[in-house]
Amino acid sequence: QVQLVESGGGSVQAVGSLRLSCVASGDTSSTYCMGWFRQAPGKEREGVAIINTGGGSRYYAGSVRGRFTISQYIAKNTLYLQMNSLKPEDTAMYYCAARPSPPGRDCNPAGDGFLFRYWGQGTQVTVSS
């Protein structure tokens, strides 16, 4: 069991930056595919960026590649999403999610993240033009 708590959302103007944080508690000794999903009103949930906490490649959605960076601070059981050059279309509720995975295994969202077992409560990001 893993509990996830996000923070860092807010309102910014276009081309601004935000950093989201996700603190994990519970069984943090195992490795996970862990990352960020987002859902805008009227749209399907989509995977934004995902990392294997045991190492390996990182997944980024095409719409955020080059602007967003996912990273982890293992000692603090914290996952980050640095979001730069924000656009109004990045406006959404952002969720942290995790599913168990062997270390080094490639992680992808597998659609809307239905394979992800653990979810945070979400943090709102609003980007104005």
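These legends walk through several close-up views of the predicted model shown above.

Because this is a predicted model, local features need pLDDT of at least 70 and side-chain atom pairs count only at pLDDT 80 or more, while totals for chains, interfaces and linings use all residues. Residues are numbered from 1 along each chain as its sequence is written, and side-chain values use heavy atoms, with hydrogens and water left out.

**View 1**
A strand here is a DSSP run (E, at least two residues), numbered from the N terminus, and two strands pair if DSSP finds at least two bridges between them. As a general point, strands of a sheet pair through backbone hydrogen bonds, either parallel or antiparallel.

**View 1. Bridge partners inside the sheet.**
Strand 1 (residues 2–7) runs antiparallel to strand 3 (residues 18–26), and six bridges join them. Here you can find Ser7 standing opposite Ser21 in strand 3. Strand 3 also pairs with strand 8 (residues 78–83) in the antiparallel sense, over six bridges, and Leu18 has Met83 in strand 8 as its bridge partner. Next come strand 7 and strand 8, again antiparallel over six bridges, with Ile70 facing its bridge partner Leu81 in strand 8.

**View 2. A closer look at Ser21.**
Leaving aside neighbours within four places in sequence, Ser21 is in contact with Val5, Glu6, Ser7, Trp36, Thr78, Leu79 and Tyr80, where contact means heavy atoms within 4.5 Å.

**View 3. Two loop residues with a positive phi.**
Val15 sits in the loop between strand 2 (10–13) and strand 3, and has a positive phi of about 70° although it is not a glycine. With 68% relative accessibility, Val15 counts as exposed. Asn77, in the loop between strand 7 (68–73) and strand 8, also has a positive phi, near 50°. At 31% relative accessibility, Asn77 counts as partly exposed.

**View 4. The largest nonpolar core.**
This core has 30 residues, and those with the most contacts inside it are Leu4, Met34, Trp36, Leu81, Met83 and Tyr94. A nonpolar core is a set of buried Ala, Val, Leu, Ile, Met, Phe, Trp, Tyr and Cys residues joined through side-chain atoms within 4.5 Å. At least two residues of this core come from each of strand 1, strand 3, strand 4 (32–39), strand 5 (46–52), strand 7, strand 8, strand 9 (92–100) and strand 11 (123–128). Beyond its neighbours within four places in sequence, Tyr94 touches several residues, including Leu20, Trp36, Val48, Phe68, Leu81 and Met83. Apart from this core lies another, of six residues, among them Phe37, Ile50, Ala97 and Cys107.

**View 5. An aromatic cluster.**
Phe37, Tyr95, Phe116 and Trp119 form one aromatic cluster. Rings of Phe, Tyr and Trp (its six-membered ring) pair if their centres lie within 6.5 Å; planes under 30 degrees apart count as stacked, over 60 as edge-to-face and the rest as tilted. By this rule there are five aromatic pairs. The ring centres of Phe37 and Trp119 are 5.0 Å apart and their planes are at 55°, so this pair is tilted. The pair links distant parts of the chain, with Phe37 in strand 4 and Trp119 in strand 10 (residues 118–119), 82 residues apart. Phe37 is buried, with a relative accessible area of 0%, while Trp119 is partly exposed at 26%. Tyr95 and Trp119 make an edge-to-face pair, 6.4 Å centre to centre with 75° between the planes.

Conventions:
Helices (H or I, at least four residues) and strands (E, at least two) are DSSP runs, numbered from the N terminus. Buried means under 20% relative accessible area, exposed over 50%, partly exposed in between (1.4 Å probe, protein chains only).
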